[in-house]
Amino acid sequence: MKTTLMPALVATVMMAGTATATTIDINEYSAAAFGTATSGLSNVSSTGFEREGILLGEGEITPGGSLMTSVGSFETIGGTGNGGTVKQIAGNTGTNVAIRDGNVFGRTNTTAGGSYFLDSNDTHGVRWDASSGGSMFNTLVFTLMDASEFSFLRVIADGVTKEQRVGGRLKDGNTSLVEISLSSAVSSLTVELANFTMSGGTENARNDGFSIDDATVGLAPVPVPATLPLLAFGAGAFAYMRRKQRKAA
């Protein structure tokens with residue numbers, strides 16, 4: 001019985017740590033809030049899709065391909081767009097994400113002095129395989145426009161899911177600030193943004209556009225986990241019991 005105390009305690013600590021490993025917050029966007037979210041980060045990489053827009057111009061990313069940026073790659077999670085966003089660009093197949101310029105059904109750039117942004121192109125959503133040129137990061141921040149236009153939003157990162165329900169269509173141009181924080185640094189991470197409605201408990205994918213801008217990854221100081229004192233206590237208790245066993249022998 002005494003020999004199983006420490007393994008059981010370690011398992012409890014690890015489970016507690018895993019449960020709080022990743023937090024995903026979706027809040028109202030403002031330039032000040034974005035500045036606060038990204039201040040104090042090191043190893044920072046970011047894109048407002050300006051460089052990509054200048055190099056590639058406005059239009060759909062090659063179907064089946066990925067948009068490569070300084071913060072990783074972007075592509076659709078699937079589905080075929082068929083709405084007004086797709087019809088605006090000649091030759092747009094609506095099978096992949098698109099770089100857009102200006103104002104697209106209320107979706108606009110959020111970078112000061114910029115004009116480009118990444119649009120879901122009315123597909124079912126966007127997959128972001130985040131990276132930072134080999135640098136470690138534990139924080140991702142980006143803006144999401146028309147975030148309240150669909151009824152159901154899902155963000156998936158590091159095995160943790162954040163779901164935001166908004167109860168119906170709101171006006172175009174609603175913008176949210178998304179912050180993803182990890183308890184430990186990584187060199188890569190996958191984030192999925194999916195556009196769904198709910199009907200009778202069933203998810204139904206939608207072809208309704210939304211946009212991403214100012215995608216940023218960086219390294220923030222990691223606070224001491226709340227479970228660390230418990231782990232130290234367990235190690236001390238285990239050592240004390242071992243000493244008592246040796247004395248008794």
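Visitor: In which sense, parallel or antiparallel, do strand β3 (residues 59–60) and strand β6 (residues 98–101) pair, and over how many bridges?

Guide: The pairing of β3 with β6 is antiparallel and comprises two bridges. The model is predicted, so local features need pLDDT of at least 70 and side-chain atom pairs count only at pLDDT 80 or more, whereas totals for chains, interfaces and linings use all residues. Residues are numbered from 1 along each chain as its sequence is written, and side-chain values use heavy atoms, with hydrogens and water left out. Strands (E, at least two residues) and helices (H or I, at least four) are DSSP runs numbered from the N terminus; two strands pair if DSSP finds at least two bridges between them.

The bridge partner of M198 in β14 is E203.

The aromatic rings come next. A pair of aromatic rings is described by the distance of the centres and the angle of the planes. Rings of Phe, Tyr and Trp (its six-membered ring) pair if their centres lie within 6.5 Å; planes under 30 degrees apart count as stacked, over 60 as edge-to-face and the rest as tilted. Across the whole structure, three such pairs are found. One of them is F49 with F74, which is edge-to-face at 5.4 Å centre to centre and 70° between the planes. F49 belongs to the loop between β2 (42–47) and α3 (50–56) and F74 to strand β5 (residues 72–76), so their pair ties together parts that are 25 residues apart in sequence. Buried means under 20% relative accessible area, exposed over 50%, and partly exposed in between (1.4 Å probe, protein chains only). F49 is buried at 0% relative accessibility, and F74 is buried at 0% as well.

The ring centres of W128 and F142 are 5.6 Å apart and their planes stand at 85°, so this pair is edge-to-face. W128 lies in strand β8 (residues 125–131) and F142 in strand β9 (residues 137–145), so the pair ties together parts that are 14 residues apart in sequence. W128 and F142 are both buried. Ring pairs link F49, F74, W128 and F142 into a cluster.
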